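User: I am new to this structure and would like to learn how to read a few of its features. Could you take me through them one at a time?

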Amino acid sequence: MAFDGIVVANIVCELNQNILNSKINKISQPENDELLFTLKGPQGQKRLAMSASASLPFLYLTSQNKPGPLQAPNFCMVLRKHISNGRITKIYQPGLERIIHFEIEHLDELGDLCRKILTVELMGKHSNIIFCKEDGTIIDSIKHISAQVSSLREVLPGRTYFIPETAHKENPLSATQESFYASVYSKPTSLCKAIYGSYTGLSPQIANEICHRAGIDGDFSASSLSEDEKLHLYHTFAWCMADIREENFAPNIIYNGKEPIEFAAVVCTGYEDCERKNFTSVSEVLETYYASRNSYTRIRQKSSDLRRIVTTALERSRKKYSLQQKQLKDTDKREKYRVYGELLNTYGYGLEEGAKQLEALNYYTNETISIPLDEQLSASENAKKYFDRYNKLKRTFEALTTLIEETRDETEHLESIATALDIAVSEDDLVQIREELAEFGYIRKRRGDKKAKIKSKPFHYISSDGFHMYVGKNNYQNDELTFKFATGNDWWFHAKQMPGSHVIVKSEGEELPDRTFEEAGMLAGYYSKGRENEKVEIDYLQKKNVKKPNKSAPGFVVYYTNYSMTVHPDISGIEQVL
(Lines give C-alpha, C1' and ligand atoms only; values in the text may rest on other atoms or scores of the structure.)
Protein backbone atom coordinates (compact mmCIF):
# COMPACT_ATOMS: atom_id res chain seq x y z
CA MET A 1 0.00 0.00 0.00
CA ALA A 2 1.31 3.46 -0.88
CA PHE A 3 -0.67 6.27 0.77
CA ASP A 4 1.92 8.73 -0.45
CA GLY A 5 1.94 12.43 -1.28
CA ILE A 6 0.71 11.79 -4.82
CA VAL A 7 -2.40 9.99 -3.56
CA VAL A 8 -2.95 12.86 -1.11
CA ALA A 9 -2.62 15.37 -3.97
CA ASN A 10 -5.29 13.44 -5.87
CA ILE A 11 -7.55 13.48 -2.79
CA VAL A 12 -7.10 17.26 -2.37
CA CYS A 13 -7.96 17.78 -6.04
CA GLU A 14 -11.11 15.68 -5.66
CA LEU A 15 -12.15 17.38 -2.42
CA ASN A 16 -11.80 20.82 -3.97
CA GLN A 17 -14.08 19.73 -6.79
CA ASN A 18 -16.71 18.20 -4.51
CA ILE A 19 -16.86 19.73 -1.03
CA LEU A 20 -15.27 23.18 -1.20
CA ASN A 21 -17.66 25.75 0.34
CA SER A 22 -19.73 22.93 1.83
CA LYS A 23 -21.37 23.33 5.24
CA ILE A 24 -20.48 20.87 8.01
CA ASN A 25 -23.88 19.49 8.93
CA LYS A 26 -22.90 16.62 11.25
CA ILE A 27 -19.75 15.37 12.99
CA SER A 28 -19.40 11.89 14.47
CA GLN A 29 -16.52 9.79 15.77
CA PRO A 30 -17.43 6.13 15.08
CA GLU A 31 -14.00 4.83 16.20
CA ASN A 32 -11.37 6.15 18.60
CA ASP A 33 -9.18 7.36 15.72
CA GLU A 34 -11.83 7.97 13.05
CA LEU A 35 -14.13 10.88 12.10
CA LEU A 36 -17.12 11.10 9.77
CA PHE A 37 -18.37 14.48 8.52
CA THR A 38 -21.73 14.91 6.79
CA LEU A 39 -21.52 17.91 4.47
CA LYS A 40 -24.06 19.91 2.47
CA GLY A 41 -22.92 22.06 -0.40
CA PRO A 42 -23.18 22.93 -4.09
CA GLN A 43 -22.67 19.25 -5.04
CA GLY A 44 -25.37 18.01 -2.65
CA GLN A 45 -24.86 15.96 0.51
CA LYS A 46 -21.46 14.26 0.89
CA ARG A 47 -19.80 12.24 3.63
CA LEU A 48 -16.12 12.64 4.40
CA ALA A 49 -14.44 9.81 6.31
CA MET A 50 -10.99 10.19 7.84
CA SER A 51 -8.87 7.96 10.07
CA ALA A 52 -5.63 8.38 12.00
CA SER A 53 -5.26 4.61 12.42
CA ALA A 54 -1.62 3.57 12.75
CA SER A 55 -2.10 0.60 10.42
CA LEU A 56 -4.64 1.94 7.88
CA PRO A 57 -4.91 5.76 7.90
CA PHE A 58 -7.24 7.20 5.27
CA LEU A 59 -9.32 10.14 4.08
CA TYR A 60 -11.95 9.87 1.34
CA LEU A 61 -15.50 10.70 0.31
CA THR A 62 -17.94 7.90 0.99
CA SER A 63 -21.60 7.11 0.55
CA GLN A 64 -21.61 4.86 3.62
CA ASN A 65 -22.82 6.03 6.99
CA LYS A 66 -21.28 4.63 10.13
CA PRO A 67 -23.06 4.99 13.48
CA GLY A 68 -21.16 6.67 16.29
CA PRO A 69 -21.22 5.76 19.98
CA LEU A 70 -24.08 6.95 22.20
CA GLN A 71 -21.61 9.06 24.20
CA ALA A 72 -19.52 11.18 21.83
CA PRO A 73 -15.76 11.25 22.62
CA ASN A 74 -14.18 14.50 23.82
CA PHE A 75 -12.50 15.34 20.51
CA CYS A 76 -15.80 14.97 18.68
CA MET A 77 -17.49 17.25 21.21
CA VAL A 78 -14.78 19.90 20.74
CA LEU A 79 -15.26 19.86 16.97
CA ARG A 80 -19.04 20.06 17.32
CA LYS A 81 -18.70 23.02 19.66
CA HIS A 82 -16.46 24.99 17.30
CA ILE A 83 -17.23 24.06 13.69
CA SER A 84 -20.74 22.55 13.55
CA ASN A 85 -22.47 24.48 10.73
CA GLY A 86 -19.07 25.84 9.71
CA ARG A 87 -18.10 26.20 6.03
CA ILE A 88 -15.01 24.68 4.42
CA THR A 89 -13.35 27.59 2.59
CA LYS A 90 -10.00 26.12 1.64
CA ILE A 91 -8.48 22.64 1.20
CA TYR A 92 -4.78 22.38 0.47
CA GLN A 93 -1.65 20.22 0.79
CA PRO A 94 1.69 21.71 1.84
CA GLY A 95 4.17 20.73 -0.88
CA LEU A 96 3.73 17.03 -1.50
CA GLU A 97 3.45 16.16 2.21
CA ARG A 98 0.99 13.52 3.37
CA ILE A 99 -0.96 16.30 5.06
CA ILE A 100 -4.29 17.96 4.26
CA HIS A 101 -5.34 21.29 5.77
CA PHE A 102 -9.02 22.29 5.94
CA GLU A 103 -9.70 25.98 6.61
CA ILE A 104 -13.17 26.37 8.14
CA GLU A 105 -15.18 29.54 8.73
CA HIS A 106 -17.73 29.59 11.54
CA LEU A 107 -19.52 31.97 13.92
CA ASP A 108 -18.41 32.01 17.53
CA GLU A 109 -20.68 32.34 20.55
CA LEU A 110 -20.85 36.12 20.03
CA GLY A 111 -21.75 35.76 16.37
CA ASP A 112 -18.34 36.91 15.12
CA LEU A 113 -16.78 35.25 12.08
CA CYS A 114 -13.85 33.00 13.04
CA ARG A 115 -11.51 30.67 11.22
CA LYS A 116 -10.16 27.32 12.36
CA ILE A 117 -7.84 24.79 10.70
CA LEU A 118 -8.38 21.03 10.79
CA THR A 119 -5.22 19.17 9.79
CA VAL A 120 -5.21 15.51 8.81
CA GLU A 121 -1.77 13.87 8.83
CA LEU A 122 -1.70 10.56 6.96
CA MET A 123 1.72 9.31 8.04
CA GLY A 124 1.39 5.67 9.02
CA LYS A 125 1.95 5.14 12.72
CA HIS A 126 2.44 8.92 13.14
CA SER A 127 -1.02 9.73 11.69
CA ASN A 128 -3.12 12.27 13.56
CA ILE A 129 -6.05 14.67 13.23
CA ILE A 130 -5.24 18.07 14.76
CA PHE A 131 -7.62 20.98 15.34
CA CYS A 132 -6.02 24.45 15.51
CA LYS A 133 -6.82 28.12 15.78
CA GLU A 134 -6.09 30.35 12.80
CA ASP A 135 -2.69 31.27 14.30
CA GLY A 136 -1.67 27.59 14.56
CA THR A 137 -2.32 27.11 18.29
CA ILE A 138 -3.55 23.56 18.88
CA ILE A 139 -7.04 23.36 20.39
CA ASP A 140 -7.16 19.55 20.52
CA SER A 141 -6.16 16.43 18.60
CA ILE A 142 -7.52 12.94 18.19
CA LYS A 143 -4.18 11.63 19.56
CA HIS A 144 -2.26 13.50 22.24
CA ILE A 145 1.51 13.25 21.78
CA SER A 146 3.60 14.31 24.78
CA ALA A 147 7.33 14.99 24.98
CA GLN A 148 7.80 11.53 26.54
CA VAL A 149 6.34 9.97 23.37
CA SER A 150 8.06 12.22 20.81
CA SER A 151 11.05 14.48 21.30
CA LEU A 152 10.46 16.12 17.90
CA ARG A 153 7.01 17.61 18.43
CA GLU A 154 4.39 17.75 21.13
CA VAL A 155 0.78 17.59 19.95
CA LEU A 156 -1.13 18.93 22.95
CA PRO A 157 -3.69 21.69 23.53
CA GLY A 158 -1.95 25.07 23.74
CA ARG A 159 1.14 24.04 21.74
CA THR A 160 1.90 25.56 18.33
CA TYR A 161 1.36 23.32 15.33
CA PHE A 162 4.25 22.80 12.93
CA ILE A 163 5.45 20.13 10.50
CA PRO A 164 8.67 18.55 11.81
CA GLU A 165 11.40 18.35 9.19
CA THR A 166 13.08 15.15 10.23
CA ALA A 167 14.36 13.84 6.91
CA HIS A 168 15.20 17.21 5.29
CA LYS A 169 13.66 16.15 2.02
CA GLU A 170 12.93 18.46 -0.91
CA ASN A 171 9.64 19.21 -2.62
CA PRO A 172 9.64 17.11 -5.82
CA LEU A 173 7.18 19.46 -7.55
CA SER A 174 9.83 22.21 -7.57
CA ALA A 175 12.81 20.00 -8.44
CA THR A 176 15.17 21.08 -11.23
CA GLN A 177 17.66 19.05 -13.23
CA GLU A 178 20.50 20.51 -11.19
CA SER A 179 18.88 19.71 -7.83
CA PHE A 180 17.83 16.23 -9.03
CA TYR A 181 21.40 15.39 -10.07
CA ALA A 182 22.78 16.75 -6.80
CA SER A 183 20.24 14.95 -4.61
CA VAL A 184 19.79 11.58 -6.34
CA TYR A 185 23.05 10.83 -8.08
CA SER A 186 25.21 11.82 -5.12
CA LYS A 187 23.74 9.19 -2.77
CA PRO A 188 25.71 5.92 -2.35
CA THR A 189 22.59 3.75 -2.55
CA SER A 190 20.15 2.28 -5.08
CA LEU A 191 18.36 4.64 -7.47
CA CYS A 192 14.96 3.79 -6.05
CA LYS A 193 16.03 4.53 -2.48
CA ALA A 194 17.85 7.68 -3.58
CA ILE A 195 14.68 9.05 -5.22
CA TYR A 196 12.25 8.46 -2.35
CA GLY A 197 14.97 9.36 0.17
CA SER A 198 15.53 12.75 -1.46
CA TYR A 199 11.97 13.95 -2.05
CA THR A 200 9.02 14.25 0.29
CA GLY A 201 5.78 12.46 -0.50
CA LEU A 202 7.31 9.84 -2.80
CA SER A 203 6.90 6.21 -1.80
CA PRO A 204 9.22 3.33 -2.78
CA GLN A 205 6.41 2.15 -5.09
CA ILE A 206 6.41 5.45 -7.04
CA ALA A 207 10.22 5.59 -7.09
CA ASN A 208 10.27 2.09 -8.60
CA GLU A 209 7.58 3.13 -11.08
CA ILE A 210 9.68 6.09 -12.26
CA CYS A 211 12.69 3.80 -12.74
CA HIS A 212 10.53 1.22 -14.54
CA ARG A 213 9.15 3.85 -16.93
CA ALA A 214 12.71 4.94 -17.67
CA GLY A 215 13.67 1.32 -18.40
CA ILE A 216 16.25 1.30 -15.60
CA ASP A 217 16.50 -1.19 -12.75
CA GLY A 218 15.70 0.63 -9.51
CA ASP A 219 18.28 -1.51 -7.67
CA PHE A 220 21.12 -0.07 -9.78
CA SER A 221 23.36 2.55 -8.20
CA ALA A 222 23.80 6.00 -9.73
CA SER A 223 27.46 5.30 -10.49
CA SER A 224 26.44 2.49 -12.87
CA LEU A 225 24.40 4.84 -15.13
CA SER A 226 25.64 6.50 -18.27
CA GLU A 227 25.05 10.23 -18.81
CA ASP A 228 22.22 9.47 -21.26
CA GLU A 229 20.54 7.18 -18.71
CA LYS A 230 20.85 9.83 -16.00
CA LEU A 231 19.26 12.44 -18.25
CA HIS A 232 16.47 10.04 -19.30
CA LEU A 233 15.68 9.17 -15.69
CA TYR A 234 15.46 12.86 -14.76
CA HIS A 235 13.11 13.57 -17.70
CA THR A 236 10.90 10.64 -16.67
CA PHE A 237 10.80 12.01 -13.11
CA ALA A 238 10.00 15.51 -14.41
CA TRP A 239 7.16 14.22 -16.64
CA CYS A 240 5.63 12.39 -13.68
CA MET A 241 5.79 15.51 -11.49
CA ALA A 242 4.28 17.60 -14.31
CA ASP A 243 1.28 15.27 -14.39
CA ILE A 244 0.80 15.83 -10.65
CA ARG A 245 1.06 19.63 -10.95
CA GLU A 246 -1.47 19.55 -13.81
CA GLU A 247 -3.73 17.17 -11.79
CA ASN A 248 -3.58 14.43 -14.42
CA PHE A 249 -4.34 11.60 -12.01
CA ALA A 250 -5.26 8.00 -12.84
CA PRO A 251 -6.53 6.32 -9.66
CA ASN A 252 -6.33 2.53 -9.83
CA ILE A 253 -6.05 -0.67 -7.82
CA ILE A 254 -3.70 -3.56 -8.58
CA TYR A 255 -5.23 -6.99 -8.02
CA ASN A 256 -3.50 -10.33 -7.60
CA GLY A 257 -6.46 -12.55 -8.43
CA LYS A 258 -9.27 -11.12 -6.30
CA GLU A 259 -7.00 -9.71 -3.62
CA PRO A 260 -6.08 -6.01 -3.89
CA ILE A 261 -2.35 -5.62 -3.31
CA GLU A 262 -1.67 -1.97 -4.18
CA PHE A 263 -3.41 1.29 -5.07
CA ALA A 264 -2.01 4.40 -6.69
CA ALA A 265 -2.99 7.75 -8.20
CA VAL A 266 -0.84 7.20 -11.29
CA VAL A 267 -0.71 4.31 -13.74
CA CYS A 268 1.55 1.57 -12.39
CA THR A 269 3.31 -0.22 -15.25
CA GLY A 270 5.49 -2.54 -13.15
CA TYR A 271 2.82 -5.12 -12.22
CA GLU A 272 2.82 -7.13 -15.45
CA ASP A 273 1.41 -10.35 -13.93
CA CYS A 274 -1.41 -8.59 -12.07
CA GLU A 275 -4.67 -6.98 -13.10
CA ARG A 276 -5.15 -3.21 -12.89
CA LYS A 277 -8.62 -1.75 -12.39
CA ASN A 278 -9.04 1.95 -13.14
CA PHE A 279 -11.44 4.25 -11.28
CA THR A 280 -12.75 7.74 -11.93
CA SER A 281 -12.48 8.70 -8.26
CA VAL A 282 -9.63 8.26 -5.80
CA SER A 283 -12.22 8.09 -3.01
CA GLU A 284 -13.76 5.08 -4.71
CA VAL A 285 -10.30 3.53 -4.95
CA LEU A 286 -9.61 4.05 -1.26
CA GLU A 287 -13.06 2.92 -0.11
CA THR A 288 -12.86 -0.23 -2.28
CA TYR A 289 -9.28 -0.98 -1.27
CA TYR A 290 -9.77 -0.43 2.45
CA ALA A 291 -13.00 -2.44 2.54
CA SER A 292 -11.25 -5.35 0.81
CA ARG A 293 -8.05 -5.08 2.82
CA ASN A 294 -9.98 -4.80 6.07
CA SER A 295 -11.83 -7.98 5.12
CA TYR A 296 -8.62 -9.85 4.31
CA THR A 297 -6.81 -8.45 7.35
CA ARG A 298 -9.69 -9.21 9.71
CA ILE A 299 -10.14 -12.82 8.55
CA ARG A 300 -6.37 -13.39 8.70
CA GLN A 301 -6.29 -12.12 12.27
CA LYS A 302 -9.34 -14.17 13.28
CA SER A 303 -7.89 -17.33 11.74
CA SER A 304 -4.31 -16.86 12.98
CA ASP A 305 -4.73 -19.31 15.88
CA LEU A 306 -6.21 -21.94 13.55
CA ARG A 307 -3.44 -21.39 11.00
CA ARG A 308 -0.82 -21.83 13.68
CA ILE A 309 -2.41 -25.11 14.83
CA VAL A 310 -2.67 -26.45 11.27
CA THR A 311 0.86 -25.35 10.33
CA THR A 312 2.35 -27.00 13.44
CA ALA A 313 0.40 -30.22 12.83
CA LEU A 314 1.43 -30.23 9.16
CA GLU A 315 5.11 -29.81 10.00
CA ARG A 316 4.89 -32.64 12.51
CA SER A 317 3.05 -34.88 10.05
CA ARG A 318 5.55 -34.22 7.25
CA LYS A 319 8.53 -34.93 9.53
CA LYS A 320 6.89 -38.15 10.67
CA TYR A 321 6.26 -39.17 7.05
CA SER A 322 9.89 -38.48 6.11
CA LEU A 323 11.17 -40.56 9.06
CA GLN A 324 8.80 -43.42 8.24
CA GLN A 325 10.00 -43.41 4.63
CA LYS A 326 13.61 -43.75 5.79
CA GLN A 327 12.67 -46.59 8.11
CA LEU A 328 10.79 -48.28 5.28
CA LYS A 329 13.86 -48.06 3.06
CA ASP A 330 15.82 -49.96 5.72
CA THR A 331 13.43 -52.92 5.31
CA ASP A 332 14.46 -53.40 1.65
CA LYS A 333 17.05 -56.01 2.79
CA ARG A 334 14.40 -58.38 4.12
CA GLU A 335 14.14 -60.50 0.96
CA LYS A 336 17.92 -60.89 0.87
CA TYR A 337 17.86 -62.37 4.39
CA ARG A 338 15.06 -64.77 3.43
CA VAL A 339 17.07 -66.01 0.45
CA TYR A 340 20.16 -66.43 2.65
CA GLY A 341 18.15 -68.56 5.07
CA GLU A 342 16.70 -70.75 2.30
CA LEU A 343 20.08 -71.29 0.64
CA LEU A 344 21.70 -72.20 3.97
CA ASN A 345 18.97 -74.80 4.56
CA THR A 346 19.54 -76.13 1.03
CA TYR A 347 23.37 -76.15 0.84
CA GLY A 348 24.46 -75.90 4.45
CA TYR A 349 24.75 -79.71 5.01
CA GLY A 350 28.31 -79.69 3.66
CA LEU A 351 29.47 -76.60 5.51
CA GLU A 352 32.74 -76.95 7.41
CA GLU A 353 32.79 -76.02 11.09
CA GLY A 354 34.00 -72.45 11.71
CA ALA A 355 33.36 -71.31 8.10
CA LYS A 356 32.97 -67.55 7.71
CA GLN A 357 30.95 -67.64 4.47
CA LEU A 358 29.16 -69.94 2.07
CA GLU A 359 29.43 -69.77 -1.70
CA ALA A 360 26.10 -70.97 -3.10
CA LEU A 361 24.05 -70.84 -6.30
CA ASN A 362 21.03 -68.58 -5.94
CA TYR A 363 18.39 -70.62 -7.77
CA TYR A 364 16.19 -67.51 -8.06
CA THR A 365 18.73 -65.67 -10.22
CA ASN A 366 21.11 -68.47 -11.30
CA GLU A 367 24.00 -66.46 -9.86
CA THR A 368 26.58 -67.50 -7.30
CA ILE A 369 26.42 -65.43 -4.13
CA SER A 370 28.51 -65.28 -0.98
CA ILE A 371 26.57 -65.58 2.31
CA PRO A 372 28.30 -64.14 5.45
CA LEU A 373 28.22 -66.55 8.40
CA ASP A 374 28.69 -66.40 12.14
CA GLU A 375 31.57 -68.90 12.60
CA GLN A 376 30.35 -69.76 16.11
CA LEU A 377 27.00 -71.04 14.73
CA SER A 378 26.03 -74.04 12.65
CA ALA A 379 24.45 -73.76 9.20
CA SER A 380 20.93 -74.28 10.57
CA GLU A 381 21.53 -71.73 13.33
CA ASN A 382 22.80 -69.20 10.78
CA ALA A 383 19.72 -69.90 8.67
CA LYS A 384 17.45 -69.33 11.68
CA LYS A 385 19.27 -66.07 12.41
CA TYR A 386 18.61 -64.84 8.86
CA PHE A 387 14.95 -65.93 8.99
CA ASP A 388 14.54 -64.05 12.28
CA ARG A 389 15.94 -60.91 10.66
CA TYR A 390 13.64 -61.41 7.67
CA ASN A 391 10.53 -61.84 9.82
CA LYS A 392 11.38 -58.80 11.92
CA LEU A 393 11.89 -56.61 8.84
CA LYS A 394 8.75 -58.07 7.26
CA ARG A 395 6.68 -57.12 10.31
CA THR A 396 8.29 -53.67 10.31
CA PHE A 397 7.53 -53.28 6.58
CA GLU A 398 3.88 -54.23 7.03
CA ALA A 399 3.45 -51.92 10.04
CA LEU A 400 5.22 -49.02 8.33
CA THR A 401 3.19 -49.45 5.14
CA THR A 402 0.01 -48.97 7.17
CA LEU A 403 1.48 -46.10 9.19
CA ILE A 404 2.76 -44.32 6.08
CA GLU A 405 -0.66 -44.53 4.48
CA GLU A 406 -2.25 -43.11 7.64
CA THR A 407 0.35 -40.31 7.82
CA ARG A 408 -0.14 -39.49 4.14
CA ASP A 409 -3.92 -39.31 4.67
CA GLU A 410 -3.40 -37.10 7.73
CA THR A 411 -1.14 -34.76 5.75
CA GLU A 412 -3.63 -34.52 2.89
CA HIS A 413 -6.41 -33.84 5.39
CA LEU A 414 -4.43 -31.05 7.08
CA GLU A 415 -3.53 -29.54 3.69
CA SER A 416 -7.22 -29.48 2.80
CA ILE A 417 -7.95 -27.62 6.06
CA ALA A 418 -5.14 -25.15 5.30
CA THR A 419 -6.72 -24.53 1.88
CA ALA A 420 -10.13 -24.02 3.54
CA LEU A 421 -8.54 -21.34 5.76
CA ASP A 422 -7.25 -19.58 2.64
CA ILE A 423 -10.74 -19.71 1.11
CA ALA A 424 -12.56 -18.40 4.21
CA VAL A 425 -13.94 -14.88 3.77
CA SER A 426 -15.84 -14.37 7.04
CA GLU A 427 -15.79 -15.42 10.68
CA ASP A 428 -18.77 -17.71 10.03
CA ASP A 429 -16.60 -19.69 7.58
CA LEU A 430 -14.14 -20.45 10.38
CA VAL A 431 -16.72 -22.10 12.64
CA GLN A 432 -16.88 -25.39 10.70
CA ILE A 433 -13.10 -25.47 10.32
CA ARG A 434 -12.74 -25.12 14.08
CA GLU A 435 -15.31 -27.91 14.56
CA GLU A 436 -13.35 -30.18 12.22
CA LEU A 437 -10.06 -29.53 14.02
CA ALA A 438 -11.76 -30.31 17.34
CA GLU A 439 -13.32 -33.52 15.96
CA PHE A 440 -9.91 -34.83 14.88
CA GLY A 441 -8.17 -33.88 18.11
CA TYR A 442 -6.13 -30.89 16.94
CA ILE A 443 -8.10 -28.58 19.24
CA ARG A 444 -9.15 -29.60 22.73
CA LYS A 445 -12.87 -29.42 23.36
CA ARG A 446 -13.70 -27.74 26.63
CA ARG A 447 -16.28 -29.27 28.89
CA GLY A 448 -19.64 -27.58 28.55
CA ASP A 449 -18.89 -26.10 25.11
CA LYS A 450 -22.07 -25.90 23.05
CA LYS A 451 -22.01 -26.89 19.42
CA ALA A 452 -21.57 -23.75 17.37
CA LYS A 453 -24.40 -22.62 15.14
CA ILE A 454 -23.41 -23.00 11.50
CA LYS A 455 -24.23 -19.92 9.40
CA SER A 456 -21.66 -20.36 6.63
CA LYS A 457 -23.01 -21.41 3.23
CA PRO A 458 -21.19 -22.61 0.08
CA PHE A 459 -20.26 -20.05 -2.58
CA HIS A 460 -22.99 -19.77 -5.23
CA TYR A 461 -22.24 -18.77 -8.82
CA ILE A 462 -24.27 -18.70 -12.04
CA SER A 463 -22.59 -19.71 -15.29
CA SER A 464 -22.82 -17.63 -18.46
CA ASP A 465 -25.44 -20.13 -19.65
CA GLY A 466 -27.57 -19.81 -16.50
CA PHE A 467 -26.55 -22.99 -14.64
CA HIS A 468 -26.17 -22.83 -10.86
CA MET A 469 -22.70 -23.70 -9.54
CA TYR A 470 -21.88 -24.29 -5.86
CA VAL A 471 -18.44 -24.32 -4.19
CA GLY A 472 -17.72 -25.86 -0.79
CA LYS A 473 -15.76 -23.61 1.57
CA ASN A 474 -14.47 -26.48 3.75
CA ASN A 475 -14.47 -30.27 4.02
CA TYR A 476 -17.86 -30.51 5.75
CA GLN A 477 -19.46 -28.36 3.05
CA ASN A 478 -17.72 -30.45 0.36
CA ASP A 479 -19.32 -33.63 1.77
CA GLU A 480 -22.69 -31.91 2.11
CA LEU A 481 -22.62 -30.63 -1.47
CA THR A 482 -21.44 -33.88 -3.04
CA PHE A 483 -23.42 -36.49 -1.13
CA LYS A 484 -26.56 -34.69 0.06
CA PHE A 485 -27.17 -31.70 -2.18
CA ALA A 486 -26.11 -33.01 -5.61
CA THR A 487 -28.14 -35.57 -7.56
CA GLY A 488 -26.72 -38.35 -9.71
CA ASN A 489 -26.63 -36.48 -13.03
CA ASP A 490 -25.18 -33.25 -11.62
CA TRP A 491 -21.53 -32.61 -12.49
CA TRP A 492 -18.69 -32.68 -9.97
CA PHE A 493 -15.35 -30.81 -10.39
CA HIS A 494 -12.12 -30.85 -8.38
CA ALA A 495 -8.49 -29.82 -8.87
CA LYS A 496 -6.42 -32.89 -9.74
CA GLN A 497 -4.25 -34.33 -6.94
CA MET A 498 -4.33 -31.24 -4.74
CA PRO A 499 -6.51 -29.98 -1.88
CA GLY A 500 -9.42 -27.85 -2.93
CA SER A 501 -13.16 -27.33 -3.00
CA HIS A 502 -15.78 -29.62 -4.49
CA VAL A 503 -17.69 -27.77 -7.21
CA ILE A 504 -21.20 -28.95 -8.08
CA VAL A 505 -23.04 -27.83 -11.22
CA LYS A 506 -26.78 -28.47 -11.12
CA SER A 507 -27.62 -29.89 -14.52
CA GLU A 508 -31.42 -30.04 -14.00
CA GLY A 509 -31.44 -32.97 -16.42
CA GLU A 510 -29.96 -30.88 -19.26
CA GLU A 511 -26.69 -31.24 -21.14
CA LEU A 512 -24.14 -28.66 -20.00
CA PRO A 513 -22.63 -26.30 -22.62
CA ASP A 514 -18.85 -26.24 -23.00
CA ARG A 515 -18.64 -22.76 -21.49
CA THR A 516 -20.27 -23.95 -18.25
CA PHE A 517 -17.78 -26.82 -18.01
CA GLU A 518 -14.93 -24.30 -18.40
CA GLU A 519 -16.33 -21.89 -15.80
CA ALA A 520 -16.90 -24.69 -13.28
CA GLY A 521 -13.32 -25.84 -13.90
CA MET A 522 -12.09 -22.29 -13.25
CA LEU A 523 -13.95 -22.26 -9.93
CA ALA A 524 -12.42 -25.61 -8.95
CA GLY A 525 -8.96 -24.30 -9.85
CA TYR A 526 -9.40 -20.98 -8.06
CA TYR A 527 -10.72 -22.54 -4.86
CA SER A 528 -7.79 -24.94 -4.57
CA LYS A 529 -4.17 -24.93 -3.50
CA GLY A 530 -3.24 -24.14 -7.12
CA ARG A 531 -5.11 -20.84 -7.32
CA GLU A 532 -1.85 -18.90 -7.86
CA ASN A 533 -0.72 -21.21 -10.70
CA GLU A 534 -0.98 -20.21 -14.32
CA LYS A 535 -2.65 -23.54 -15.20
CA VAL A 536 -4.50 -26.09 -13.05
CA GLU A 537 -5.61 -29.54 -14.15
CA ILE A 538 -9.23 -30.30 -13.25
CA ASP A 539 -10.97 -33.67 -12.96
CA TYR A 540 -14.71 -33.72 -13.63
CA LEU A 541 -17.40 -36.38 -13.84
CA GLN A 542 -21.02 -36.93 -12.97
CA LYS A 543 -21.72 -37.04 -9.26
CA LYS A 544 -23.06 -40.63 -9.39
CA ASN A 545 -19.53 -41.87 -10.10
CA VAL A 546 -18.03 -40.19 -6.99
CA LYS A 547 -17.75 -42.49 -3.95
CA LYS A 548 -16.79 -41.94 -0.33
CA PRO A 549 -14.69 -44.68 1.33
CA ASN A 550 -15.80 -45.91 4.74
CA LYS A 551 -14.29 -44.07 7.72
CA SER A 552 -12.53 -41.54 5.47
CA ALA A 553 -11.96 -37.93 6.50
CA PRO A 554 -14.48 -35.24 5.52
CA GLY A 555 -14.08 -34.11 1.93
CA PHE A 556 -12.18 -37.25 0.88
CA VAL A 557 -13.62 -39.12 -2.14
CA VAL A 558 -12.56 -41.64 -4.77
CA TYR A 559 -13.47 -42.02 -8.44
CA TYR A 560 -12.15 -44.21 -11.23
CA THR A 561 -13.54 -42.81 -14.48
CA ASN A 562 -13.32 -39.10 -15.16
CA TYR A 563 -12.66 -36.43 -17.76
CA SER A 564 -9.87 -33.86 -17.41
CA MET A 565 -9.27 -30.28 -18.53
CA THR A 566 -6.62 -27.63 -17.93
CA VAL A 567 -7.81 -24.16 -16.91
CA HIS A 568 -6.45 -20.77 -15.94
CA PRO A 569 -7.98 -20.18 -12.46
CA ASP A 570 -9.42 -16.72 -13.16
CA ILE A 571 -13.03 -16.31 -12.00
CA SER A 572 -13.31 -12.53 -12.41
CA GLY A 573 -15.90 -12.91 -15.19
CA ILE A 574 -18.16 -15.38 -13.36
CA GLU A 575 -21.28 -13.98 -11.68
CA GLN A 576 -21.52 -14.66 -7.96
CA VAL A 577 -24.85 -14.82 -6.13
CA LEU A 578 -24.49 -13.03 -2.80
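Analyst: Two strands pair if DSSP finds at least two bridges between them, where strands (E, at least two residues) and helices (H or I, at least four) are DSSP runs numbered from the N terminus. This is a predicted model, in which local features need pLDDT of at least 70, side-chain atom pairs count only at pLDDT 80 or more, and totals for chains, interfaces and linings use all residues. Residues are numbered from 1 along each chain as its sequence is written, and side-chain values use heavy atoms, with hydrogens and water left out.

User: Over how many bridges do strand β10 and β12 pair?

Analyst: Strand β10 (residues 252-256) pairs with β12 over four bridges in the antiparallel sense, and Ile254 has Arg276 in β12 as its bridge partner. They belong to an open sheet of three strands, ordered β11-β10-β12 with antiparallel pairing. Because β11 (259-264) and β12 (275-278) each have a single partner strand, they stand at the edges, and one side of each is left without a neighbour in the sheet.

User: Is Glu34 buried or exposed?

Analyst: Buried means under 20% relative accessible area, exposed over 50%, and partly exposed in between (1.4 Å probe, protein chains only). Glu34 has 11% relative accessibility and therefore counts as buried; this residue lies in strand β2 (residues 34-41). The side chains of Glu34 and Lys66 are joined by a polar contact of 3.5 Å, meaning a pair of N or O atoms within 3.5 Å, where within protein one must be able to donate a hydrogen and the other to accept it, and residues adjacent in sequence count only if both atoms are side-chain atoms.
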